[in-house]
Amino acid sequence: MYRFLLTPRWFGINVFVLLAIPFCIFMGSWQLSRFEDRMTASRDAEQQVTTDAREAARPLAELLPVDQVTSGKQATATGRYDKQLLVPDRQLGDREGYYVLTLLRTDSGKALPVVRGWLPGTPDPAKAPAAPKGEVTVTGALQASETPGDNGVSAQGGLPAGQTAAISAASLINLVPYGVYDAWVTLNTGDSGMKAVPATAPADSGLDLKAFQNLGYTGEWFVFAGFVVFMWFRLLRREVEFIRDAELGILPDDELQERDQEQPQEKASA
């Protein structure tokens, strides 16, 4: 009954199945390991934010450029506050509000964007506390420039004067006549009664869309493996039913002739 499994056609099918199943399992396991790695990285990154907050602050120049290692580190810089901007559509907890961002002109000639705090409601320049006058030294968590459209950062344009959607050197450089550091700092303590904006984990270290794509691919590869097994059993069942029908003489002549034409070598080997 099952001698047909030794025919060339079924030999090819069997080889394909024997190769496809372990390949699908391997790829699914690899995608699952990628997801687990991202989970571990996310957990470590969140713990690192807490650890960094307890470390001694270091001069800004020692921590630039911002990368996975320096993001979240305590940085200190000295200068004079200059232009102030509001960053709308920012949540703190479950409340909607905005950041108060002020550019700190340093001795290097460049400005460091400093988030002095968060206020609830819609952006209102009249409610945003003015920055302190004279030379100040700020200390806070160093953060990388934001990318509009990523991690909830708004990419909208046409904002009113005095507002910016993203805290990004590429955006701020168009609003001031001097250079801007490709980084920003969020103060550990909110200035003038504002609530402090907590530091966030470095980019690409959390459970973002890529992480869940890995999880989705994991499921797809295991489904492919199951589909290969299902199709093999289905083909096997059809083949057995065809042979039984042929032995009982209930197979239509036209279907039998077509089968003979398609598989002359299989009939010869059988």
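Predicted model: local features only at pLDDT ≥ 70, side-chain atom pairs only at ≥ 80, totals over all residues.
The side chain of K73 meets that of E55 in a salt bridge, at 3.3 Å from N to O. This pair links distant parts of the chain, 18 residues apart. E55 lies in the loop between helix 1 and strand 1. K73 lies in the loop between helix 2 (60–63) and strand 2. E55 has 34% relative accessibility, so E55 counts as partly exposed.

## Other salt bridges

How many salt bridges does a search of the whole structure find? The search finds five. One of them joins R9 and E239, at 2.9 Å from N to O. R9 sits in helix 1, and E239 sits in helix 4 (residues 209–248). The two are 230 residues apart, so the pair links distant parts of the chain. Is E239 buried or exposed? E239 is buried, with a relative accessible area of 6%. R9 counts as partly exposed, at 33% relative accessibility.

R58 and E62 also form a salt bridge, at 3.6 Å from N to O. R58 is partly exposed, at 36% relative accessibility. E62 is partly exposed too, at 49%.

## Strand 2 and its neighbours

Strand 2 covers residues 74–92. Which strand runs parallel to strand 2? Strand 1 (residues 58–59) does, and two bridges join the pair.

Strand 5 (residues 135–144) pairs with strand 2 in the antiparallel sense, over seven bridges. Here A77 has V138 in strand 5 as its bridge partner. Strand 3 (residues 95–106) also runs antiparallel to strand 2, and ten bridges join them. L86 stands opposite V100 in strand 3. In a regular strand, side chains alternate between the two faces of the sheet.

Strand 2 and strand 3 form a hairpin with two residues between the strands. In this hairpin, G93 takes a positive phi near 70°.

## A nonpolar patch

Which residues make a nonpolar surface patch of about 310 Å²? They are F11, V15 and L19. V15 belongs to helix 1 (residues 8–53). V15 counts as partly exposed because its relative accessibility is 33%. A patch residue needs over 30% relative accessible area, so V15 passes that cut-off.

Terms used. Residues numbered from 1 in each chain as written. Heavy atoms only, no water. Patch = residues over 30% accessible without salt bridge, like charges linked within 9 Å, V, L, I, M, F, W, Y side chains within 5 Å. Areas by Shrake-Rupley, 256 points an atom, 1.4 Å probe, with all protein chains shown as cover. Salt bridge = Lys/Arg side-chain N within 4 Å of Asp/Glu carboxyl O. Helix = DSSP H or I, 4+ residues; strand = E, 2+ residues; numbered from the N terminus. Buried < 20%, exposed > 50% of the residue type's maximum accessible area, 1.4 Å probe, protein only. Pairing = 2+ DSSP bridges.
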